[in-house]
Amino acid sequence: MPLPKPKEGEAKNQYISRCVSFLMNEKPEMNRKQAVAICYNEWEEKNSNKGVGTMNVESGGFPIEKSFNVFVPVTKSFIEKDIDGIERRYIEVTVSGLKEDRDGEKMSQQAINKMIQAFKENRIPAFNNHGYDKNGNRIYDWRDIVGKWVDAWQEGDRLVARMQINMSNPDGERLWKYAHHEGMPIGFSIGGRVLDKTEVDE
């Protein structure tokens with residue numbers, strides 16, 4: 001039986017879930033990671049020209065029928081050995097860009113350039129949920145670091161960054177399993193503040 005095709009209007013996570021279930025049922029010998037990879041490839045083939053589009057928001061704190069441009073990147077995860085032969089685990093994902101985001105904000109090229117420089121300095125830690133817990137308390141504590149950003153580069157209008165996962169933190173290990181083993185569409189974002197602006201920027 002052929003692989004199921006994405007349906008018109010079907011969300012990516014819905015299709016991946018449906019496709020993986022189909023494969024695991026049809027081919028019990030296949031492991032889940034293989035099934036996820038096959039289904040992601042099928043999705044990407046159908047949606048290769050749909051990187052940017054509009055969507056109606058019905059939840060998440062946004063007004064109903066507010067439309068905005070979105071780009072949903074595929075999270076890439078991989079393992080590499082460092083010069084000492086120790087295995088390190090990494091995630092690569094789009095974190096910012098030159099296009100307007102869902103909050104109606106966008107970065108300047110100068111801001112993107114400065115972020116790339118900061119990422120390459122290997123000293124920016126990664127925290128869960130912008131460093132706040134469910135009660136709104138700041139959790140910028142060394143014990144809460146789930147990884148560190150080690151590199152970044154620009155691909156067209158997107159800023160792509162690489163994070164080294166902190167496997168000593170249970171949340172870091174959980175993050176790795178979500179991205180690498182389960183293929184979950186994890187998103188990342190960068191916090192910042194305006195340092196200077198002109199009338200044009202305003």
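Colleague: What is the torsion about the S-S bond of Cys-19 and Cys-39?

Modeller: The torsion is about -80°, so the disulfide (a pair of cysteine sulfur atoms within 2.5 Å) is left-handed. Cys-19 belongs to helix α1 and Cys-39 to helix α2, so the pair ties together parts that are 20 residues apart in sequence. This is a predicted model: local features need pLDDT of at least 70 and side-chain atom pairs count only at pLDDT 80 or more, while totals for chains, interfaces and linings use all residues. Residues are numbered from 1 along each chain as its sequence is written, and side-chain values use heavy atoms, with hydrogens and water left out.

Colleague: And how far apart are the sulfur atoms of Cys-19 and Cys-39?

Modeller: They are 2.0 Å apart. A search of the whole structure finds 1 disulfide.

Colleague: Is Cys-39 buried or exposed?

Modeller: Cys-39 counts as buried, at 0% relative accessibility (buried means under 20% relative accessible area, exposed over 50%, partly exposed in between, with a 1.4 Å probe and protein chains only). Cys-19 also has 0% and counts as buried.

Colleague: Which other residues of α2 are buried?

Modeller: Ala-35, Val-36, Tyr-40, Glu-42 and Trp-43 are buried along with Cys-39.

Colleague: What do the buried residues of α2 pack against?

Modeller: They pack against α1, residues 12–26.

Colleague: Changing topic, how many helices and strands does the chain have?

Modeller: The chain has 4 helices and 7 strands, which are DSSP runs numbered from the N terminus (helices H or I, at least four residues; strands E, at least two).

Notes. Contact = heavy atoms within 4.5 Å.
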